[in-house]
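Have the model open while you read.

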Amino acid sequence: MKRREFLNVAAMSGASLLGLRMGIAPANAQGRNDVIRVLLEDSPNTFDPSGTGYNPASCNISWNVYDRLVTFGVKPVEGKEDAFIYDYSNIVGQAAESYEVSEDGTTITFKMRDGATFHDGRPVTAHDAKWSLDRAVSMPTSKAQLGTGSLTSPDQFTVVDDMTFQITLPQADRFTLPNLCILFPAIINSELAKEHANDDDPWAEAWLKTNEAGGGPFTVSRYVADQQFVLDRFADWQSGDVPGQARVMAQIVPVASSRRASAERGEADLVRELSGRDIKDMIDAGEPRVLGISNPARMVSIALNSEMAPFDNKLVRQAVAYAVPYEEMFASVLYSRGTPLYGGSEETTEAVYPQPLPYAQDLEKAKTLLAEAGMADGFETTFTIDSSLGTTAEPIAILMQEALGKIGITVKIEKVPSAQMGQLQTDRALPMYIAVGGAWLADPDYFFRIFYNSTRRWNYGNYQNDEMSKLVEETRFETDEEVYKAKVIRMIELAKEDVPLIMLWSPFQDTVLSGAIHGYEYMFHGQIELRPLYKS
């Protein structure tokens, strides 16, 4: 399938009103058809793909400025015209033009792409891959994640020659290649970065936070924190089709109503982070164009602390799961902009996760389960919400408060700042709260490893189960597909029965696009993939 048509368009003189508002001087402004204008809610806080404390918005820069050895392929989104999504099952070369896995799966050899250069003209070599991977497994932000793919030590990375790079593994690990596709193991211009390193900062963290040393399809030409950033096309990019537009101008507009107004007036080509209500209104009006794509590895749940009374009793957790007003929440809070993860089958036949849990609102069943748990008179508890979740958290909490009140559970709603919320999750101090999570990788056993077994904050339900822990360890290196499937199905059955997480939905990533934008591609990180976008 042909992804892009390169169109020669006449440049328009001068800068648009939006361009002027973004601080682009008329002498430097591109013609309107050479520029893609983007409105975002949040500002990137670092350029560094492994930056400490990076926020999701930073992916909009680092993902598009840097390449990785390999990346996920793409496939069309079913039922969506001119829209694509990453293909987790298809890993293709990027900075490496090819790779080869040994028969026993313990050695991966990469052939670097001939002729590829960094933005300053230096060639991209195996020495850069070595320094970049050494850095990625040493940085606190990325080392734990890469460890899930057996990438743990610089000793595993070898420069065979200038254009050949090799990774050795203690045993075959199917998470290794997918981990090389994610944000962290970007290939950095090592010679440039080392010029800004020192004994106290051997990986040039301070410099790479606000400077880029990449070889990807775009360069950073302007950045003003909390206001805007501008990315310019790197015409010598060798790792794919050269992007169709010369410049991407992104403006940070925190107020959703302002982003909506700009989208409706056609002042921007791509607008993100609008509410379900805004999106519904636009769809009902028939314009502008809205693309809603569900991330297969992202979910919104109600977490129940399975090690804190009374939620340490699974009958209580099941009772709460049957009390949730799922349909009302989905329609009134999310405006049906997502994939439901409730009302599923009790029988498990597919080794796919997340999949809908077998719960729907049944207040009588909820009361019966509470009585069986010895709590027929109910109890009091707290429902905590993260203030950063905006317009969805509070109505979810209010609907839960009302529904649980009908089965005798008195709920106090508590709103806390995002930073405090993270610490409370880490401390396992919350009885019940809204959890929003997404997995870097899409394997079902990886999902259970992170959300149902980890000792870190992402085990939102504080779920402790010896059988689950054993299955998580066994499935990681399982090579027999039928054995793997059986073990994953058992993990799904445990999640359904023990329900430390009451899954609600996988929300759509709704994006408003002008009619001139083509080649939209949804990547796993949920931020903007600029490589394939073009404007006619």
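## H8 against H9

Helix H8 (residues 256–265) and helix H9 (residues 276–285) have axes that come within 11 Å and cross at roughly 15 degrees. Axes here are lines fitted to C-alpha atoms, for helices over the stretch in contact, with angles running from 0 to 180 degrees between N-to-C directions. Helices (H or I, at least four residues) and strands (E, at least two) are DSSP runs, numbered from the N terminus. H8 and H9 are therefore roughly parallel to each other (angles under 35 degrees count as roughly parallel, over 145 as roughly antiparallel).

This is a predicted model, so local features need pLDDT of at least 70 and side-chain atom pairs count only at pLDDT 80 or more, while totals for chains, interfaces and linings use all residues. Residues are numbered from 1 along each chain as its sequence is written, and side-chain values use heavy atoms, leaving out hydrogens and water.

On the H8 side, Arg260, Ala263 and Glu264 meet Asp278, Asp281 and Met282 of H9 (contact means heavy atoms within 4.5 Å). Sorted by class, that contact of H8 with H9 has two nonpolar, no polar and four charged residues (Ala, Val, Leu, Ile, Met, Phe, Trp, Tyr, Cys and Pro count as nonpolar, Asp, Glu, Lys and Arg as charged, the others, Gly among them, as polar).

## The two faces of H8

Arg259, Arg260, Ser262 and Ala263 are the buried residues in H8 (buried means under 20% relative accessible area, exposed over 50%, partly exposed in between, with a 1.4 Å probe and protein chains only). They cover an arc of only 165 degrees around the axis, which puts them on the same side of H8; the arc is that of the directions from the helix axis to the C-beta atoms.

Their cover includes strand S1 (35–40), strand S11 (270–272), H9 and strand S18 (501–513). Turned away from the buried side, the other face of H8 carries exposed Ser257 and Arg265.

## H10 against H12

The axes of helix H10 (residues 314–323) and helix H12 (residues 363–372) come within 8 Å and cross at roughly 165 degrees. That makes H10 roughly antiparallel to H12. Among the contact residues, Leu315 and Tyr322 belong to H10, and Leu363 and Leu369 to H12. The contact of H10 with H12 divides into nine nonpolar, one polar and two charged residues.

## A buried loop residue

Val137 sits in the loop between helix H3 (126–136) and helix H4 (140–147). At 5% relative accessibility, Val137 counts as buried. Leaving aside neighbours within four places in sequence, the contacts of Val137 include Leu146, Pro154 and Phe157.

Conventions
Angles under 35 degrees count as roughly parallel, over 145 as roughly antiparallel, 65 to 115 as roughly perpendicular and the rest as oblique.
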